[in-house]
Amino acid sequence: MRAFTYERPDNVAAAMQAAIQPGASFIAGGTNLLDLMKIDVEQPTHLVDISRLPLREVTETPDGGLRIGALVSNTDLAADQRVRQRYPVLAMALLNGASGQLRNQATTAGNLLQRTRCPYFYDVAMPCNKRQPGSGCSALTGFNRMHAILGASQACIAVHPSDMAVAMAALHAEIELQTPAGLSRKMPIAELHRLPGQNPERDTTLARGELITAVILPPPPAGRQTYRKVRDRASFAFALVSVAAIVDAGGGKIRDARLALGGVAHKPWVPKEAERELAGAPAEAGSYEAAARSALREAQTYTHNEFKVPLAERLLARTLGELATGG
Amino acid sequence: MAQVIGQPIDRIDGRAKVTGTAAYAADNRAERMAFGSIVTATIARGRVAGIDANAARRMPGVLLVMTHENAPKQAPFQAKADDRHARPKPQLADDKVQYFGQPVALVVAETAETARAAASAIVVTYEKADGAFVLESASGAAYNPGKGPTGAPADSKLGDFDKAFAAAAVKIDAIYKTPYQSHAMMEPHASLASWQDGKLTVTSSLQLVESAHKSIADTLKLEPDKVEVISEYVGGGFGGKLPVYGDAILAALAARELNRPVRVALTRQQMFHVTTHRPASIQRVRLGAERDGTLTAITHQSLAQSARADEFAEPIVFSTRSLYAAPNRMTSQRIAALDLPVADSMRAPGEAIGLLAVEQAMDELAVRLDMDPIELRLKNEPKEDPEKKVPFSTRALVPCLTEGAKRFGWDKRNARPGQVRDGNWLVGMGVAAAIRGNFLREAEARVTMESEHHAVVEMDMTDIGTGSYTVFAQIAAELLDLPVENIKVKLGHSSYPDTPGSGGSFGASSCGAALHDACTKLKAKLQKGEGAQGLSATGSVKPGDEYKKYSQYAYGAHFAELGVDQTTGEVRLRRMLGVFAAGRILNAKTAHSQLIGGMIWGVGSALEEETVLDPRMGAFVTQDLVHYHVPVHADVPQVEAVLLDEFDPHANVLGSKGVGELGICGAGAAVANAVYNACGARVRDYPITLDKVLPALTRRQG
């Protein structure tokens, strides 16, 4: 770990000011950043500890949604009665992530901004375009069992590791930001994370010094919700594939389906074409299987992750069936 | 004399551990202590061409940068020795790089953080050479190591295997693969070295204090009495703390150089390369049987990785020689030298992975015979050791299987795969046998009366979490007729009487027998009416002919029930039972704990554990516990171990056998067999991750 300076402002304006200096980085729960600093992957020279900012509330919005403060812990958010009752997909996703201890410490915004767990990203002895642009992607022809099958590039095939973000993508959440100029703005969560393209070093579209202050959930969508995560052990493992799904069905038809896949791309992956096909489709196995195939149509696999395509298809089809028929 | 041995008493060191007062190696502090951080090689083979440490040296607080250019001269490495863990372990001896992660420099600084930052600032350049990294491609270079670590020959042959196999009515011929595995003990390696008046004290995390003492003294070319090695508390070893590594040697060298105490701790990431691992293996098992299940031919052939830097021959096939009867048999052990980190013992070296193959093959044979797998094993129960042709000291495989079957409800198993459903889960049961060699090593113990009613036991034995402190207190308490709380057990100092340490499941029996002797002698003195206080006796044990005249093993049987998600192929254990016989049990609680720990590890090795090799770089890419999976609580719903009453009069005076490794032996095979029973997926390439199960599920559903 390299030497760094540290400050802990108690209001947002002061935090924004403190983050202007070069080499500064915000830190909240620190569950990912500190690990990365110890192994020299992240080298901030100044840490702005935002954990005392007043962003720990979950409040109701006038239109019937929820505003989740950036510093609400994963544990508190998963336990919030309103989240559990109205947005069960989010509570389930949170509880499928990390461990109890980590969820106590991890924050909402920090969860969104965690880095990939690609093992090559974590070893400074190995090439990695995300860590060191231009050095090459070790995973491309290396060990890539955990890696992306959708939206990847030759420069990077890493996946975003969050479960929570996948549920939020299915819920069409919005991200509320403060800019260094003191302005507040919002963006759909779909626009927060990027695909790697030629710049995998950039995980998100956030500009330097911007601070996530809240995540806003629109009013709960109609239909049944679930989050299903497939992993190598029963707990405390990152997703091989996960599905967040909200399906509104009745009278033998699907009215609306909102889907997001985790563990398959550099960001929570929303299979728009599949969603379109499902709207109005009969609630039957053929529709689910067709939608699942459609969601994975663009998939590209690498040496060790071919299995993710049938796995994601099967998982998606089954999840749709369970939600649409109440099975 | 009250019976104390065997009682399930709590660990006498438990309170110190749970209250944080037990000092593990890295917890120790010394005045003026400095901190070392190791820099490791980022190539697998070649030489260090240059080291630019200028930036590191300029950092405030940096005290020393040690590289091969300025490292003090040490004794040379020895390829062979009677005790491989007592050999010199020179560090930074030359510019040669023999494996990825080999230490190439040490930075010492005023704080651990400064040392680590300075280590990151060192720039090493290399001349890279080609290396061989892939076991599958190295089979042509495989060689016969002559004998394994226990001294048994690499090959064995009896009867005419080829003829018998060709003539067999029913055959199995299958290849099984097991991956690299890492010890991943809770406590990473660390050492604190200090010098006073020319005497070196190293406090470290070790299994074998005596071997480490010799290794450190010889490396630094010191007289043995100029070195004290201390290892009082060890947070897990599993074989990974048998050798001495760079942390101990470099701490000692740097402490001498700086004339102040130096602590060197490995990071979790460094454990994967700097320390040893279990080698990957490729195993071929062939079984020939008559229609009624009588085995006529058995072969078990193994190929395992060995490091070019330091040979190790994993004894994969050895227990197969004693497991089942068959007149025609052949086993062979081969290794291939690769340019990878050093392979060495990991919990039950040999059996742990050998049984993953043999016990799955037996299940495959049972399926082909349409015979119950327990019945098949009972059918092939030998009357004496089938290769050594000597009697078994005890042999309890049959009672373990039958008692286990009864307790587990084996009769409810549906032999046809894929028939039992629970919602989306396909449910299956599997069984496998456990066998683990029993050993006795030379040991000494001293017991001294501190007062009329208090005794102190001293040995250089370690307690690596197994319960050594407690079982020795029980033995002394029973023999001296004192309450357990009046016995003080002092372990882990090289100045105490010599023992073989913790490894190979021989620790408790060897040291316990020596202690039994010491206590018996002390009691005789006490009975002469001499004043108790200060009275002392030293006891010892040596392995005798009993280990030649009898085939000595501990046995068990594993039963696993699990679910396979029919959509995703996820495998989740539901319940597991192990029934074991391991001679007399010294403490029913710590033995149980060791056995279920081994079983859980078996589940992990069947389903999760793999140190993944990147063959392009010759490096392991799993370098932390995010990527190296071991079972978590949620993976282990219900695991029970039952111990059958046994006393092995040929093992040692206590009648006990080791239990530290028995639990893992065969456990993973029971899981693999249950996967097959659940869904029809026969996965011979461990670990059985869902990607290997999925194809069978997609085939099933067309």
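Q: What percentage of the 327 residues in chain A is made up of buried residues?
A: In this predicted model, buried residues make up 51% of the 327 residues in chain A. To be called buried, a residue needs 20 or more other C-beta atoms within 10 Å of its own.

Q: What makes the radius of gyration of chain A agree with that of a compact globule?
A: The globule rule is 2.2 Å times the number of residues to the power 0.38. For 327 residues this gives a value near 20 Å, and chain A has 20 Å, so the two agree. Along the principal axes, the C-alpha atoms of chain A fill a box of roughly 60 × 50 × 35 Å.

Q: How many of the contacts in chain A with a separation of 6 or more are between residues 24 or more positions apart?
A: Such pairs account for 64% of those contacts. The secondary structure of this chain A comes to 11 helices and 11 strands.

Q: What separates the centres of domain 1 and domain 2 of chain A?
A: The division of chain A places domain 1 at 5–48 and domain 2 at 224–325. Taken over C-alpha atoms, their centres are separated by 37 Å.

Q: Why is one side of β7 and of β8 of chain B left without a neighbour in the sheet?
A: The open sheet of chain B has five strands in the order β7-β17-β16-β15-β8, with mixed pairing. Strands β7 (155–158) and β8 (170–178) stand at its edges with a single partner strand each, and therefore one side of each has no neighbour in the sheet. From one strand to the next, the twist averages 10 degrees.

Q: How do you know that β15 and β16 of chain B are joined?
A: Two strands pair if there are at least two bridges between them. Strands β15 (residues 281–289) and β16 (residues 295–307) of chain B run antiparallel and are joined by nine bridges. In β16(B), B:Gln301 stands opposite B:Arg284.

Q: Why is strand β10 of chain B called largely enclosed by the rest of the structure?
A: Five of the seven residues of β10 (residues 190–196) in chain B are buried, so the strand is largely enclosed.

Q: Which strands are joined to β10(B) by bridges?
A: Four bridges join β10(B) to the antiparallel strand β13 (residues 262–265) of chain B, where B:Ala265 stands opposite B:Ala190. Six bridges join β10(B) to β11 (residues 199–204) of chain B, also running antiparallel. In the hairpin of β10(B) and β11(B), B:Asp197 takes a positive phi near 50 degrees.

Technical notes:
Residues numbered from 1 in each chain as written. Chains lettered and ligands numbered in written order. Predicted model: local features only at pLDDT ≥ 70, side-chain atom pairs only at ≥ 80, totals over all residues. Helix = DSSP H or I, 4+ residues; strand = E, 2+ residues; numbered from the N terminus. Buried ≥ 20, exposed ≤ 12 C-beta atoms within 10 Å, placed from the backbone. Contact = placed C-beta atoms within 7 Å. Domains from an automatic or database assignment. Axes fitted to C-alpha atoms, helices over the stretch in contact; angles between N-to-C directions.
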